[in-house]
Amino acid sequence: MTADETRGTPARPPHPPADPPRPIVPPQPAAPPAEHALLRWLRAPRPTVGPGIWRLGHRPRAEQPADQTPLRQLIFGACLTALGAWLVGSLLYHGYLGSWWIWPLAVLGPQDPALFVPAAWLYYLLWVVGLGVAAARMGRWRELARRTIVPAWRHLQEQVPDAPPPPAADPAAFSDLRAHGAAEAADRLTAEARAGRMTDVDVARIRHAWESVSAGRLPIAKFVAAVRADGAAAYAHPSGSRDLHRRTAHHDLLTRQVRIGTAADTDRTPHAYRGAAMALEPALLGTSLLAVGPAGAGKTERLVRPVVESMALQALARQCALVAVGPTGAALGPDDAFDVVVRLGADSEYDLDLYGGTTDPDEAAAILAEALVGDITAADTRRAGTALAQILGPYRLVHDRFPTVPELRELLDGTSPALGDLRAALACSSAPQAASAVRELDLRARQAGRADDVTEHLADRVTRLDRPAFAAFFDPTDAARQVSLRELDRPLRVRIDLPDRGHAEASRILARLVLAQFTACAVARTDRSLFACLVLTDAAQTITAEALRGLQRLRSANAGAVLTLRSLDDVEPDLRGALLGAVGCRMAFAGVTTWDGAPFGEVWGKEWVKTQDVTDRQIIAHSAGAKAMHVFRQAVTGSAPTAKAVTVREVERERWSASDLAHSVPAGHAVLSVTSVAGDTAPPVLVHLRA
């Protein structure tokens, strides 16, 4: 045993172990933590651009001179001049053009052979540079590099991620809150964003609350306390949802835009819009939008669904109130994307208030008259409203509510004893308005049966709603179940499904009712900080003169409507021009007919364009040589020698004529023109909706 073993220690190995081999390649440094997508979204540039352009990450298109040489011509010229310079240099070097170009070197060059060789190479280099400069000037290489290499270099530089901005100017650090005394809230929100516990909806919702602080509607101490307590979930939507379960379009909630397509890169498109992404936002929808296109053109999938989804997201951010109306199965969005879903004529948890949530009989009568007989030319909606007010006022005075649909039908029926029973109840009433209500009923009784009485039309339309399918609806006795559009000052998401099969006339009445209630309630709001949006997927037979006046009032009430039509034939002929004039955004889808496209062409107007007229005139030869050349040219070309005369002039041409809209708009495209609430306009642009 060794001495080590006697001491109880392990024996040493006879040979020490070899050191591990040193790595040939140095180890890679640890990768920095990936930046959260929300931070990149917050720091993304959003330049100020024209109306309708998607601002997120937009790169303005460089202005193109009117007389700019085509790129293909520049490339061909550069290749041709480079080939010519190489050919001339080769001919000179091999002596095919003589040795005259060497005599300066032979006369002025050094006589020492050791110095002559570098001098000769320098002389040859001067000739190469000279030929290159001459070719570059003749071939316009500098312009070619400016239009090809410089943009490519800039694109490579843009791919390199920028360093994070300083905290004082970092949007992801909520620098605006920090600069105005809410540093504690800014620190909490910054930590939430960097930890990935914040969404774009949270950012939009909190910034909307901060705007209330800036406007003086919310104390800053209350704001800071809410953010300190709830973090990114502060000021959550009443439903508790902080995002939609599924999105089908691109949204930028900081600019409140939704992307709907890409502008076509054609000569018809204005230069600033060519190839740019197109988007809609409340600043544009506040002027209302009308879309016309046949079935299957993509109105619902490419326009209505993205807009409804955008408004639903903004409602979750407490910026918008949404009412979406369409037939059953219109694919406006899943049920969980809405707070209230009213399925009229089907099994529904909620009901629709027939009178718009008002307690004023005159207002309720005016809205109901517009819905019932607004599309009947022979019926005067004002007289119809007066007739309804003569019934609704006394009825509410007696029963403290408005009548149900069966009760309203009996009151409008001249042979029913309902009016007599109501008069008897008023006679026994001690209310101070009872005497006036009795006079209203007596006046209604005297007007009944006259040739110009409108109650016959009213009773006929009410009959469409007094069907077994609607027996459980429009019941004012169950106020807790009814949905009223008086709640447009709250961030509600309401979807109303209209019955489509077997109740087409009732669906049109209800669509007019919702439109009339929306225009009245949106204007009557005292708090207009929320954008109120109505989306009506089928506006056929809903456009009336009163509806047009209501649409025009929405612009000043921070509200707007999106209306779609299969054809302008669904609108009365004398209202089509007024409809296109009442809305600020107009959209014509592929497949419209020429008679549908004609009103669009008129409202979009004309523009000045340059046209070229080319005329050929025969050249007459006077000399023998010229005649011989003409004979030879005619034998080669097969035509007599001519000279072309080009005349350039400016003429007025329709931006989009009826024929262009009917035959030149490809499938999956639409022509869109927008106007903002501030008055900024954009000319009609061909938009690729599938890009």
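Accessible areas here come from the Shrake-Rupley method with a 1.4 Å probe. On that basis the protein chain of this predicted model exposes about 36,600 Å², and carbon and sulfur atoms supply 56% of that area.

## The chain as a whole

The protein chain holds 691 residues, of which 43% count as buried. Its secondary structure comes to 24 helices and 16 strands. The radius of gyration of the protein chain is 38 Å, whereas a compact globule of 691 residues would have one near 26 Å. Along the principal axes, the C-alpha trace spans about 135 × 130 × 50 Å. Where contacts join residues at least 6 apart in sequence, 73% of them link residues at least 24 apart. As for charge, the protein chain carries 76 positive and 75 negative side chains, and the centres of these two sets lie 7 Å apart.

## Cysteines

A disulfide is a covalent bond between the sulfur atoms of two cysteines. How many disulfides does a search of the whole structure find? The search finds zero. Cys 521 is in no disulfide, and the nearest cysteine sulfur, which belongs to Cys 533, is 15 Å away; a disulfide would require the two sulfur atoms to be within 2.5 Å. Is Cys 521 buried or exposed? With a relative accessible area of 3%, Cys 521 is buried, while Cys 428, with a relative accessible area of 72%, is exposed.

## Positive phi angles

Most residues other than glycine have a negative phi. Tyr 235, which is not a glycine, has a positive phi of about 55°. Tyr 235 has its place in the loop between α10 (220-230) and β1 (251-252), and at 22% relative accessibility this tyrosine counts as partly exposed. Ser 288 is another residue other than glycine with a positive phi, in this case near 70°. The loop that holds Ser 288 runs between α11 (282-285) and β4 (289-292), and Ser 288 counts as buried because its relative accessibility is 1%. A glycine with a positive phi, near 75°, is Gly 605, which follows helix α22. Helix α22 itself covers residues 594-604, and its buried residues are Asp 596, Gly 597, Pro 599, Phe 600, Gly 601 and Trp 604.

## Residues that are apart in sequence

| Pair | Separation in sequence | C-alpha separation |
|---|---|---|
| Asp 353 and Gly 196 | 157 residues | 43 Å |
| Ala 366 and Arg 383 | 17 residues | 9.4 Å |
| Gln 541 and Arg 508 | 33 residues | 6.5 Å |
| Ser 673 and Met 587 | 86 residues | 6.6 Å |

Asp 353 is found in the loop between β7 (351-352) and α13 (361-373), and at 11% relative accessibility this aspartate counts as buried. Which residues are in contact with Asp 353, once its neighbours within four places in sequence are left aside? They are Gln 482, Val 483, Ser 484 and Gln 517. Ala 366 has its place in helix α13, and at 46% relative accessibility Ala 366 counts as partly exposed.

Gln 541 lies in the loop between β10 (531-536) and α20 (545-554). At 28% relative accessibility, Gln 541 counts as partly exposed. Leaving aside neighbours within four places in sequence, Gln 541 is in contact with Asp 375, Arg 508, Arg 512 and Asp 570; Arg 508 is also the residue whose C-alpha lies 6.5 Å from that of Gln 541.

Ser 673 belongs to strand β15, which covers residues 669-675. Its relative accessible area is 4%, so Ser 673 is buried. Apart from neighbours within four places in sequence, Ser 673 is in contact with Gly 584, Cys 585, Arg 586, Trp 604, Ala 682, Pro 683 and Pro 684.

Definitions and conventions. Residues numbered from 1 in each chain as written. Predicted model: local features only at pLDDT ≥ 70, side-chain atom pairs only at ≥ 80, totals over all residues. Heavy atoms only, no water. Helix = DSSP H or I, 4+ residues; strand = E, 2+ residues; numbered from the N terminus. Rg over C-alpha atoms; globule rule 2.2 N^0.38 Å. Buried < 20%, exposed > 50% of the residue type's maximum accessible area, 1.4 Å probe, protein only. Contact = heavy atoms within 4.5 Å. Lys, Arg positive; Asp, Glu negative; His and termini not counted. Charge placed at Lys NZ, Arg CZ, Asp CG, Glu CD.
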